[in-house]
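I opened this notebook to record what I looked up in the structure, entry by entry.

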Amino acid sequence: MATMDQDKAGSDWQGLLQEWGARLLLFARQQAADPVEAEDIVQEAFVRYWKSRLDRPDLSPPLLFTFVRRIATDRARQWRRRQTGLDALRIEVANGDGWFEPVIEDRERAALLETALRSLPVEQREVLVLKIWAGLTFDEIGTTLEISPHTAASRYRYGLGQLRRQLTPVLT
Amino acid sequence: MKTPWEDLENELHRLAPKQPGDRLATRIEARLKATVSDTVTGTRPRALLKFCLPLAAAAVFVALLTPLLNDPEADTPPEEKQLAATNTRAVPNVARPPDATPNPAGSLRRVGEANYLYGAADEGVVYGDGDTPYRRIRYQFLDTSEWQDEASRAVVRVIVPREDVLLLPMNVY
């Protein structure tokens, strides 16, 4: 019985990672200095979430984003000095590593979208990521980012507005 | 009713976030396995570190001391020893010269020994004592030894897989 439970748990986490991994990584990249650190954060968040879920099976997967956010905040606090020195490197690494799967059609347009998204302030970017790719509601986004749902909705509108302003001259 | 952002939202939706690589799944699996074994044995990482680290340190100390005590070239000048140590680190898997130690059980004699590193995996960051982060690296070795029967000259090779887990403390600024 224990073996069966362990097997089930084993396959369950893989399914969960398959379903949420890409979105978690994208969200972690909004918080992290580089892709490697983003992966470290996702790993830590996933393991903590999974351990918590063993005691409380009712924990919903969107809580994973809260774990990512908290771990990223803790790490940023610990490594602030180091991070500020790595700003230039961060940009270089980010440029060399896309956030999205390569698209077959209209690559140029996709690249423009990604570049515009990267240029947004992090507060707007993280809301956009949680809304569009993670599929969270503004209430859930508010809980994850510890802001009110109203603030989340405003940041979302501002973010989209800024994206449109950047893209309109290029794409039309 | 169409919102002013709908076209842009649809366009963004078409971008698929990049999937994490297999490396992440491997690292998570390793961490979860470690968690399960901690749960089964009832130990906690901090307790493990508290008791295992001194034991590991003692084992390393003994391992370092033993060759010194048995070193036939104990009188070698320090400069030559340093050079030899540097060269040995550069080629970690060099087979030791055959020794003539007879097997106490019979006529088998050890004629060769080599350790092969065939895998190394970065398992990510773990937290040991409090908030101290460590990067955990897992090395996989094959330890081989060759034994020869003195009568028939037949050679037997024994291969034993071994895993070493190294916790490298990370600097926190």
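**Entry 1: a glutamate in chain A.** I looked up A:Glu39 and found it buried, at a relative accessible area of 12%; buried means under 20% relative accessible area, exposed over 50%, and partly exposed in between (1.4 Å probe, protein chains only). A:Glu39 belongs to helix 2 of chain A; helices (H or I, at least four residues) and strands (E, at least two) are DSSP runs, numbered from the N terminus. With neighbours within four places in sequence left aside, A:Glu39 is in contact with A:Leu25, B:Arg23, B:Leu24 and B:Arg27, where contact means heavy atoms within 4.5 Å.

**Entry 2: conventions.** I note that this is a predicted model, in which local features need pLDDT of at least 70 and side-chain atom pairs count only at pLDDT 80 or more, while totals for chains, interfaces and linings use all residues. Residues are numbered from 1 along each chain as its sequence is written, chains are lettered from A and ligands numbered from 1 in the order in which they are written, and side-chain values use heavy atoms, with hydrogens and water left out.

**Entry 3: helix 2 of chain A.** I checked the length of helix 2 (residues 35–55) of chain A: its 21 residues should span 30 Å at 1.5 Å a residue, and its end C-alpha atoms are 31 Å apart, which agrees. The expected span is 1.5 Å times one less than the number of residues. At the start of this helix, a side-chain oxygen of A:Asp34 comes within 3.0 Å of the backbone nitrogen of A:Val36.

**Entry 4: salt bridges.** I counted 21 salt bridges over all chains, each a side-chain nitrogen of Lys or Arg within 4 Å of a carboxyl oxygen of Asp or Glu. Between chain B and chain A the count is six.

- A:Asp40 pairs with B:Arg27, with the closest N and O atoms 2.4 Å apart. Both A:Asp40 and B:Arg27 are buried.
- B:Glu11 forms a salt bridge with A:Arg109, the closest N and O atoms being 2.1 Å apart. This pair crosses between chains, from helix 1 of chain B to helix 6 (residues 107–119) of chain A. B:Glu11 is buried at 10% relative accessible area, whereas A:Arg109 is partly exposed at 29%.
- A:Arg69 forms a salt bridge with A:Glu126, at 3.0 Å between the closest N and O atoms. This pair links distant parts of the chain, helix 3 (residues 63–78) and helix 7 of chain A, 57 residues apart. A:Arg69 is partly exposed at 21% relative accessibility, and A:Glu126 is buried at 5%.

I also found a network of salt bridges that links A:Glu37, A:Glu39, A:Asp40, A:Arg75, B:Arg23, B:Arg27, B:Asp122 and B:Arg135.

**Entry 5: the interface.** Which chain gives 34 residues to the contact, and which gives 41? Chain B gives 34 residues and chain A gives 41. The area buried between the chains is about 3900 Å², with 63% from carbon and sulfur atoms; buried area is the accessible area (1.4 Å probe) that two parts lose on being put together, summed over both. In chain B, B:Trp5, B:Leu15 and B:Lys18 lose the most area to chain A, together 19% of what that side buries.

**Entry 6: helix 7 of chain A.** I found that helix 7 (residues 122–133) has twelve residues and reaches 16 Å from its first C-alpha to its last, close to the 16 Å expected at 1.5 Å a residue. This helix is mostly covered, with nine of its twelve residues buried; A:Arg125, A:Glu126 and A:Trp133 are among them. Just after helix 7, A:Gly135 takes a positive phi of about 70 degrees.

**Entry 7: chain A overall.** I recorded nine helices and zero strands for chain A. Of its 172 residues, 44% are buried.

**Entry 8: positive phi outside glycine.** A:Glu146 has a phi near 60 degrees, a positive value in a residue other than glycine. A:Glu146 sits in the loop between helix 8 (138–145) and helix 9 (149–171) of chain A and is exposed, at 64% relative accessibility. In chain B, B:Arg153 has a positive phi of about 65 degrees although it is not a glycine. B:Arg153 lies in the loop between strand 2 and strand 3 (155–169) of chain B, and at 51% relative accessibility it counts as exposed.

Technical notes: A polar contact is a pair of N or O atoms within 3.5 Å; within protein, one must be able to donate a hydrogen and the other to accept it, and residues adjacent in sequence count only if both atoms are side-chain atoms.
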